[in-house]
Amino acid sequence: APVPAAPVPAAPSHMNLPDLAADAPCEPPGDVAVLITGLVTTAQFPSLPAHLQAIVSQVVSPFSADVHAAYEATGCLLGHSEAVCAADLQRNERVVDATLAQVLGARLRAIATCRGAAASRFAFAAPRSLPSEGGVLHTYAIEPKRAMSLRMPKMKSTLLQWYKLSQAWTLMEASEMSQGSLYTTVIKLRFDIVPLGKPAWRLCASRDFLRKKDPPAIHA
């Protein structure tokens, strides 16, 4: 005799829940900080303005967010002299700085220029910290030498990413101290990834635990 087909189980109850993002009223988050971190190569220069503009239109403007950036620029080819490397590096950093200032405008609060441990010999031809220019604080930092260790090459990218994030976070905390208030929401973005524009995503203070009374929460 044929074996009867097994009954199809009912869908879990959570599968039938309404779309809270669409149906529930959305209370916008409070003060928002955007941290943009990562490596910026010369190959990215032509698309960098459009990339930053996408971040502005999709994230910065909708949330009236303050931006803190931490980056490392490339600019030293093998075989070049130290003087040539230093000149190339500083020129490329000026390109990134100018692009950040032009696209982000008044939303840009601070920049941390991170220089690799391999460039430590000429890394501080510029001062470690520049006075605020147009309200933008600019600092310089050397990435930890352990990030370049041959004993753990697989950890290199991870360490450098976290180091840049720590520099951006430090700048954000300095902004909080100077303005006398804390950000309720921090959004971490990268120089090589553009957030999705459609469907438009939004933050809801009560739904996403972004109220001042809520405990810290991480959304990934």
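Predicted model: local features only at pLDDT ≥ 70, side-chain atom pairs only at ≥ 80, totals over all residues.

Reader: Which residue of S2 is the bridge partner of Ala 33?

Author: That's Asp 66.

Reader: Which other strand is joined to S1 by bridges, and how many are there?

Author: Strand S6 (residues 185–190), with six bridges, and the two run parallel. Look for Thr 37, which stands opposite Arg 190 in S6.

Reader: And how does S2 pair with strand S3?

Author: In the parallel sense, over five bridges, with S3 covering residues 108–115. There, Tyr 71 has Thr 113 in S3 as its bridge partner.

Reader: How do I tell whether a strand is enclosed or open?

Author: Go through its residues and see how many are buried, meaning under 20% relative accessible area. For S1 (residues 32–40), eight of the nine residues are buried, so the strand is largely enclosed by the rest of the structure. For S2, the count is eight of the eight, so S2 is largely enclosed by the rest of the structure too.

Reader: Which residues of S2 point which way?

Author: Asp 66, His 68, Ala 70 and Glu 72 point one way, while Val 67, Ala 69, Tyr 71 and Ala 73 point the other way. Residues in both sets are buried.

Reader: Let's turn to H2. How do I check the span of a helix?

Author: Work out what its residue count should give, then look at its ends. At 1.5 Å a residue, the 16 residues of H2 should span 22 Å, and the end C-alpha atoms are 21 Å apart, which agrees.

Reader: Where is the kink in H2 centred?

Author: On Val 56, with an angle of about 45°. Val 56 is also one of the buried residues of H2, which include Leu 48, His 51, Leu 52 and Phe 63. Just after the helix, have a look at Ser 64, which takes a positive phi of about 50°.

Reader: Is Gln 90 buried, partly exposed or exposed?

Author: Its relative accessibility is 23%, so Gln 90 counts as partly exposed. You'll find Gln 90 in helix H3 (residues 82–104).

Reader: Now zoom out. How many helices and strands does the protein have?

Author: Four helices and six strands. Reading from the N terminus on, the order is α-β-α-β-α-β-β-β-α-β.

Reader: What about burial and surface for the whole protein?

Author: Of the 220 residues in the protein, 39% are buried. The accessible surface is about 13400 Å², and carbon and sulfur atoms account for 62% of that.

Reader: And how do I read the contacts?

Author: Ask how far apart along the chain the two residues sit. Among contacts with a separation of 6 or more, 74% are between residues 24 or more positions apart.

How values were computed
Residues numbered from 1 in each chain as written. Heavy atoms only, no water. Buried < 20%, exposed > 50% of the residue type's maximum accessible area, 1.4 Å probe, protein only. Pairing = 2+ DSSP bridges. Contact = heavy atoms within 4.5 Å. Areas by Shrake-Rupley, 256 points an atom, 1.4 Å probe, with all protein chains shown as cover. Expected span 1.5 Å × (residues − 1). Bend = angle between axes of the 7 residues up to and from the residue.
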